[in-house]
Amino acid sequence: MTDTLPALIDRIRAAAAAHTPLRIRGHGSKDFYGEMLQGELLDTSGHTGIVSYEPTELVITARAGTPLTELEATLAQQGQCLAFEPPRFGGRGTVGGMVAAGLSGPSRASVGGVRDYVLGLQMVNGRAEHLIFGGQVMKNVAGYDLSRLMVGSLGILGLLTEVSLKVMPLPAAEATLVFEVDQARALEQLHRWGAQPLPLNASRWEQGEHEPGEVGQLFVRLRGAGAAVDSAITNMTQDLPGHTVDPAQASADWTACRDQTLPFFDAAAHPGLALWRLSLPQTAPGLNLLWPQLVEWHGGLRWVWAPESAAAKLRDLSQAVGGTTMLFRANEPDTKRAIDRFEPLERPLDQIHTRLKAEFDPANIFNPGRMFRSL
């Protein structure tokens with residue numbers, strides 16, 4: 001592997017001295033995510049390579065610019081995977097972008113998210129110092145767990161250079177069931193199944209072409225031992241009429257759900273609307289909205305196509321049940337807007353974010369305003 005780190009550090013040192021903002025970018029697959037992009041491009045796509053991989057220890061370490069496709073292909077050769085299913089928007093994405101965005105796929109509610117699998121990482125802060133946090137085993141942290149702090153930070157604290165991740169074996173058996181139900185019944189049934197010893201791995205309820213409140217399709221993916229999956233199929237179809245989906249079709253559909261290439265996520269089919277991401281308690285009731293919806297994570301994640309003018313209504317609905325709302329894909333992504341993509345922080349959290357930013361990036365050069373406009 002070519003040693004590209006010194007050049008990256010030199011670029012950061014020069015930018016800090018000149019107070020020149022930098023825009024960190026791997027493949028650019030998540031350029032749409034967060035506030036408007038600012039600063040000169042700091043390209044990490046050349047900082048690639050798998051540093052080490054110990055299949056028996058269930059840990060892999062890779063440079064931040066390593067493509068997810070390369071990492072996952074290496075794991076698949078050993079019958080292993082990233083259990084949290086990081087999305088690959090446009091079929092692309094890097095290890096660093098995966099950690100910086102902190103986004104997980106359909107299995108998030110059952111297996112955990114990106115933060116739960118980061119064992120350690122290396123980064124360059126705004127002082128051009130190369131820092132190492134964590135390690136390559138689970139019990140490796142004394143004091144603050146700063147490696148996990150970087151997950152979802154959108155690069156505003158520094159440049160990720162290397163990440164160690166916990167990996168998992170591929171499931172022994174898998175099956176997907178589909179049921180015809182409305183949203184309220186789907187959520188009720190998911191809660192009931194969730195209280196039982198069933199190998200639930202992922203779920204999604206699709207409104208499809210139906211009007212709000214009418215019947216949609218509930219897909220439930222089971223993963224685990226073969227006997228457990230077979231038993232669950234029998235028990236669940238006795239609770240609610242349903243049938244299994246062809247494995248090849250189910251696999252393609254879950255991948256499309258992960259990467260947002262399902263018809264529901266087609267922006268062209270929703271002219272004038274933006275895609276909103278609502279993170280709610282799984283027990284939150286169905287949302288009585290006039291706009292198209294898709295529900296994931298056993299009720300914990302609600303996708304809604306709605307106009308940007310609906311921001312106050314959607315955020316009020318989320319806050320009423322203890323959730324949050326963000327503008328995930330804007331109708332016009334490259335324009336300034338009156339509303340924030342992320343909900344404004346309460347004062348105590350805002351102060352923590354501000355102090356962290358000042359400590360890690362005193363010259364404010366990394367992805368300025370990418371998460372919150374004030375940072």
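**Aromatic rings, cores and a sheet**

F89 counts as buried, with a relative accessibility of 6%; buried means under 20% relative accessible area, exposed over 50% and partly exposed in between (1.4 Å probe, protein chains only). This is a predicted model, in which local features need pLDDT of at least 70 and side-chain atom pairs count only at pLDDT 80 or more, while totals for chains, interfaces and linings use all residues. Residues are numbered from 1 along each chain as its sequence is written, and side-chain values use heavy atoms, with hydrogens and water left out.

F32 is also buried, at 15% relative accessible area. The structure holds twelve aromatic pairs. Rings of Phe, Tyr and Trp (its six-membered ring) pair if their centres lie within 6.5 Å; planes under 30 degrees apart count as stacked, over 60 as edge-to-face and the rest as tilted. The rings of F32 and F89 are edge-to-face, because their centres are 5.3 Å apart and their planes stand at 80°. F32 sits in the loop between β1 (22–25) and β2 (40–43), and F89 in the loop between β5 (80–81) and α3, so the pair ties together parts 57 residues apart in sequence. Helices (H or I, at least four residues) and strands (E, at least two) are DSSP runs, numbered from the N terminus.

A tilted pair is formed by F179 and W193, at 5.2 Å centre to centre and with 45° between the planes. F179 belongs to strand β10 (residues 173–181) and W193 to helix α6 (residues 183–194). Both F179 and W193 are buried.

F32 and F89 also belong to one aromatic cluster, whose members include Y33, W303 and F328. Y33 and F328 touch the most other members of the largest nonpolar core, which has 52 residues. A nonpolar core is a set of buried Ala, Val, Leu, Ile, Met, Phe, Trp, Tyr and Cys residues joined through side-chain atoms within 4.5 Å. Helix α3 gives the most to this core, with four residues. Another core, of 21 residues, lies apart from it, and A173 and L218 are among its residues.

Next comes the sheet. Five strands form an open sheet in the order β3-β4-β8-β6-β7, with antiparallel pairing; two strands pair if DSSP finds at least two bridges between them. β3 (50–54) and β7 (130–134) stand at the edges with a single partner strand each, so one side of each has no neighbour in the sheet. Strand β6 (residues 118–124) pairs with β7 over five bridges, and V124 stands opposite H130 in β7.
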